[in-house]
Amino acid sequence: MRLFPLLAAVAVVAAPAAAAGLAVGAKAPTFSTRGAVAGKVVNIDLAQQLKKGPVVLYFFPAAFTGGCNAEAHAFAEAIPDFQKAGATVIGMSADDVPTLQRFSAEKCAGKFAVASAGPNVIKGYDVALSAMGKSLTKRTSYVIGRDGRVAYVHDDMNPAQHVALTLAAVKKLPHS
């Protein structure tokens with residue numbers, strides 16, 4: 001099933017939607033899940049990642065769809081800038097791990113982790129999206145500071161500004 005036309009319709013309908021459920025300053029829900037980097041399965045633990053520095057947690061609706069492919073490519077291109085700013089990028093969707101293995105290698109250029117967001121993560125970050133009976137996630141990007149608090153939220157189904165705006169937010173974080 002091709003989701004691109006479906007997601008395009010969802011983007012038009014969802015564009016004026018309310019902001020993401022987690023506000024700036026809120027404690028980001030911690031989680032452990034499985035995902036992939038460069039096609040290899042990895043375990044991802046938010047608390048462990050935050051020990052290294054801030055985390056950009058970006059949710060995307062579905063792997064191998066137009067906007068999600070473009071967004072993954074844009075994040076992959078910007079990874080050196082995020083690393084220079086001390087941040088880790090993690091993509092999240094409701095896709096299963098085998099799908100994310102392929103997506104991480106093909107669309108993320110093996111440069112960052114993509115992980116499977118289970119029901120608790122989707123609920124905790126208030127990113128649930130349902131389209132034609134399929135569970136997806138809204139396109140929402142969170143910048144989470146080392147302290148585990150949300151420092152920035154960008155909630156927009158259009159992928160165009162997620163990378164630039166989250167990178168700018170990361171650069172504004174205090175260095176510690």
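A residue is called buried here when its relative accessible area is under 20%, exposed when that area is over 50%, and partly exposed in between (1.4 Å probe, protein chains only). The model is predicted, so local features need pLDDT of at least 70 and side-chain atom pairs count only at pLDDT 80 or more, while totals for chains, interfaces and linings use all residues. Residues are numbered from 1 along each chain as its sequence is written, and side-chain values use heavy atoms, with hydrogens and water left out.

Helices are DSSP runs of H or I with at least four residues, and strands are runs of E with at least two, numbered from the N terminus. In helix H3, which covers residues 66–84, the buried residues include Gly-67, Cys-68, Phe-75, Ala-78 and Phe-82. Cys-68 counts as buried because its relative accessible area is 1%, and Cys-108 is buried at 0%.

Strand S4, residues 88–93, holds Met-92, which is buried with a relative accessible area of 0%. Leaving aside neighbours within four places in sequence, Met-92 is in contact (heavy atoms within 4.5 Å) with residues including Tyr-58, Phe-60, Ala-115 and Thr-137.
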